[in-house]
Amino acid sequence: MKLAGKASNRDGIGAKVTVTAGGRERFAEMTTSPSYLSTVAPRLHFGLGGAKKATVKVEWPSGVVQTAEFEANRIVTIEEAPKKTPKKTPEKGGQK
């Protein structure tokens, strides 16, 4: 799984990803440096066992939370959704 940040950083570094499949939950945080003086490709891999589908929840560093469902045995790219802005409500009352 690849992450493509928009409001957050480009590779989604720091995003928390939870995958649910086959009645089990798996968790990972996107990083490119798992240990001292080492790097890895900015991609997450989850073993799903015999499950055919998985539900993915991504908590982006910007605060956006996304949920999606995917079929197993494929590499998917999840793009960060735009942050929802609260609607402004008109103030009640009149002029004095």
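Start with the largest nonpolar core, which has 20 residues. A nonpolar core here is a set of buried Ala, Val, Leu, Ile, Met, Phe, Trp, Tyr and Cys residues joined through side-chain atoms within 4.5 Å. Select Met1, Leu3, Val17, Val19, Phe46, Leu48 and Val58, the members that touch the most others in this core. Then colour β2 (16-21) and β4 (53-59), the elements that give two or more residues to the core. Strands are DSSP runs of E, at least two residues long, numbered from the N terminus. In soluble globular proteins, nonpolar side chains tend to be buried together.

The model is predicted: local features need pLDDT of at least 70 and side-chain atom pairs pLDDT 80 or more, while totals for chains, interfaces and linings use all residues. Residues are numbered from 1 along each chain as its sequence is written, and side-chain values use heavy atoms, without hydrogens and water.

Next, select Leu48. Leaving aside residues up to four places away in sequence, Leu48 touches Val19, Ala21, Arg26, Ala54 and Ala72; contact means heavy atoms within 4.5 Å.

Move to the loop between β5 (65-71) and β6 (77-79) and pick Asn73. Asn73 is not a glycine, yet has a positive phi of about 65°. Asn73 counts as exposed because its relative accessibility is 80%. Buried means under 20% relative accessible area, exposed over 50%, and partly exposed in between (1.4 Å probe, protein chains only).

Finish in the segment after β6, at Glu80. Is Glu80 buried or exposed? Glu80 counts as buried, at 4% relative accessibility. Beyond residues up to four places away in sequence, its contacts include Ala4, Lys6, Trp60 and Gln66.

Key. Helix = DSSP H or I, 4+ residues; strand = E, 2+ residues; numbered from the N terminus.
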